[in-house]
Amino acid sequence: MGGGRWRRVLSGVWRSIAVWAVSTVTMLVLAGALPDFQLQSDNGDSATRIAVTAAAGAGVFGLLSSLVWPLLVRALLLVPALILGLLVFFLNGSLLLLALRINPSGQGEAAPETAVVVAAVMSAVASATGGALAVRDDDAYRRRLYRLAARRRSRSGGHLGTSTPGIVFVQLDGVGHDVLEEATRMGLMPALARWLGTTHRLTPWRTDWSSQTGASQLGILHGSNHDIPAFRWYEKESHEVMVCNRPSSAAELQRRAIGYTGDGGLLTVDGASRGNLFSGGADELALVLSMAARRGRDNRSRSGYFAYFSDPANAVRTALSFVAEVLREMGQSTRARLQKRRPRVGRGGLYPFVRAFATVVERDVVVAAVIGDMLAGRNAVYADLVAYDEVAHHSGPRGRDTEKVLQRLDRSLALIEKVAEHAPRPYRIVVLSDHGQSPGETFLTRYGLSLGNLVRAGCGLPVPRRARGTHSGAEARAAVRAALRRPVEEGGERHRPSRRSEPVVLASGNLGLVSFPDVAHRMSREEIDRRHPALLSTLANHPGVGFLLVRSEEHGGLVLGAHGAEAPVDTLDDEHPGPLADFGPGAADAVRRTHTFPHTADIMVNSWYDPEEGEVLAFEEQIGSHGGLGGAQGHPFLMSPLDLSEPVDDGTGLVGAERVHRVLRGWLRECDGPQVPLPAAESERAA
């Protein structure tokens with residue numbers, strides 16, 4: 001054995017001894033502080049015997065954690081993923097009780113509830129000590145990363161050491177171009193600020209009318225978001241409501257996109273999809289919603305949790321952070337209520353747990369999966385971090401709550417950058433977002449009635465006295481339900497009218513959709529006026545509505561505004577925007593494209609927009625919203641390395657998710673990633 005090998009062995013032994021010693025001291029301190037945890041007999045023992053008992057207990061607990069914990073997690077893969085995270089404390093406590101029982105000294109004992117606390121503290125301290133020692137020793141840290149890379153690659157049958165660059169795409173869900181610029185300028189995101197000053201460029205891009213993750217991510221990953229008019233819409237031929245974050249809907253939308261393009265997706269060759277709504281054609285999947293409804297042990301979202309939770313220290317750290325985030329949200333919401341902040345929406349019920357899942361569990365698991373993909377040397381990785389989007393919906397796009405989230409996201413990106421230095425191949429890191437968020441109070445708060453009730457009033461139907469808000473469609477809530485193995489149906493039945501002649505009214509941020517289910521085709525303006533003469537004028541003249549899109553038998557697509565303003569969509573452009581004047585460049589093109597979709601609603605309703613304040617009125621219970629036209633919601637960003645080609649070189653701007661897909665695919669080709677359209681049979685299999 002060479003001298004270098006001996007040094008590595010001795011370094012590992014030293015770190016193990018140091019962690020064992022710190023764990024022993026921790027156990028002694030806890031035994032003195034907790035009345036139900038003792039390391040001596042009832043008759044008393046010498047200090048030496050107590051120390052020996054603590055050392056033996058710490059050693060046995062560490063050994064059990066290393067050997068038994070991964071087996072426990074693998075056996076519990078049938079348990080819903082979120083419940084597995086909550087079981088972490090009890091499993092760790094059980095291991096400690098077992099360690100005390102088989103302790104050679106036979107002196108230790110603890111109450112079950114105390115064992116949970118002791119095990120959590122010891123795991124966290126041991127993890128922090130081991131990590132600190134490894135980080136301080138750069139050579140040891142680098143060797144550890146390479147060993148992990150070699151081990152992962154050998155299991156997957158791959159090879160190490162290719163000089164061809166791979167690309168990691170990290171999507172910061174909901175972070176607009178304006179928010180990112182401000183965060184880097186204020187020092188909230190120092191890693192990204194450093195990149196922008198040295199290695200990366202920042203490019204804004206513009207979404208389609210449907211400025212939400214379902215449309216944007218489907219276009220980015222699969223090259224087409226054709227016929228995605230909103231986050232949720234009614235399909236008359238099936239009498240079903242499609243919801244982008246429902247697993248069955250996501251799977252169907254992915255199938256349609258593959259059929260439309262004849263291409264499996266951006267990640268079809270040696271790719272990985274992490275935390276996304278869609279797979280992108282990747283073979284390696286974790287927390288991918290379109291696959292969550294599939295049967296089979298290896299296809300469910302819980303399989304993505306094993307690599308992370310198999311380390312008990314990771315499990316404990318994430319569980320403790322989860323609890324801390326729940327308490328943080330409770331404190332922040334209480335402070336907002338006491339300070340009487342406006343606008344404000346309800347943040348009670350299960351929301352603190354949904355937020356903690358998005359900002360802690362989902363982030364930790366996805367980042368760990370990305371690190372594993374880089375160490376395995378995959379060609380392309382696409383990951384979505386939804387933390388900011390979830391918090392901004394309920395706290396607003398700007399403020400102390402979202403600033404803390406941005407800081408933690410920046411630390412995650414810095415960690416990915418650090419790992420890239422030790423990966424078996426060079427990596428280019430691309431950071432992008434799928435949409436932004438526009439602030440503003442809700443339509444219900446400002447006017448005292450929902451869009452659904454306004455439509456009912458325009459149709460001459462009874463309006464309920466008590467208005468009910470529309471449930472938020474944030475991606476994190478869907479991820480939680482998928483992790484719990486509960487169908488993400490968003491109460492689909494309630495969207496169906498009690499009578500077939502009554503309209504179905506759906507909300508997607510500040511975009512509303514009105515459909516008449518008893519008419520098989522898309523109704524025309526003339527048909528709507530004959531059935532409900534007051535409806536279109538009621539909607540168009542309401543101060544909370546910006547414009548309507550309907551189909552006209554005479555003009556085709558027709559945009560309606562207040563005070564009788566109307567214009568065929570084919571006559572509108574940036575120079576002659578008509579009723580779309582307040583909504584900025586590109587609005588006419590976005591509306592015109594949506595008019596061509598087969599499943600565009602009978603009436604498309606976009607809320608009012610204040611171009612000076614950048615505010616909209618959400619038809620859902622959100623004070624930071626996206627889904628329609630108006631403000632920052634339609635202006636995400638693309639941050640790319642300087643050694644990749646310019647995303648736009650013709651001066652036209654980057655417009656639409658499908659255009660972003662072509663840019664990303666071009667970069668993969670530049671890196672010699674063999675991303676080519678798949679044959680039809682393989683495309684269907686990828687779906």
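Relative accessible area, computed with a 1.4 Å probe on protein chains only, classes a residue as buried under 20%, exposed over 50% and partly exposed in between. The structure is a predicted model, in which local features need pLDDT of at least 70 and side-chain atom pairs count only at pLDDT 80 or more, while totals for chains, interfaces and linings use all residues. Residues are numbered from 1 along each chain as its sequence is written, and side-chain values use heavy atoms, with hydrogens and water left out.

The chain contains 23 helices and 22 strands, assigned as DSSP runs (helices H or I of at least four residues, strands E of at least two) and numbered from the N terminus. Of its 687 residues, 56% are buried. Contacts are defined by heavy atoms within 4.5 Å; among those with a separation of 6 or more, 73% join residues 24 or more positions apart.

Two packed helices are described by the angle between their axes and the distance between the axes. The axes of H9 (residues 213–222) and H22 (residues 657–670) come within 7 Å and cross at roughly 30 degrees; axes are lines fitted to C-alpha atoms over the stretch in contact, and angles run from 0 to 180 degrees between N-to-C directions. H9 is therefore roughly parallel to H22, a class covering angles under 35 degrees. On the H9 side, Ala215, Ser216, Gly219, Ile220, Leu221 and His222 meet Ala657, Glu658, Val660, His661 and Leu664 of H22. This contact has six nonpolar, four polar and one charged residues, where Ala, Val, Leu, Ile, Met, Phe, Trp, Tyr, Cys and Pro count as nonpolar, Asp, Glu, Lys and Arg as charged, and the others, Gly among them, as polar.

Arg206 belongs to strand E4 (residues 200–206) and is partly exposed because its relative accessibility is 25%. The C-alpha atom of Arg206 is separated by 8.2 Å from that of Gly653, 447 residues apart along the chain. Beyond neighbours within four places in sequence, the contacts of Arg206 include Pro585, His635 and Leu654.

Most residues other than glycine have a negative phi, and most peptide bonds are trans. The Arg342 to Pro343 bond is cis, with omega near -5 degrees, and Pro343 is placed in the loop between H12 (312–338) and H13 (351–375). Lys340 lies in the loop between H12 and H13 and has a positive phi near 55 degrees; its relative accessibility is 64%, so Lys340 counts as exposed. His563, in the loop between strands E15 (556–560) and E16 (566–568), has a positive phi of about 60 degrees and is exposed at 77% relative accessibility.

Technical notes: Angles under 35 degrees count as roughly parallel, over 145 as roughly antiparallel, 65 to 115 as roughly perpendicular and the rest as oblique.
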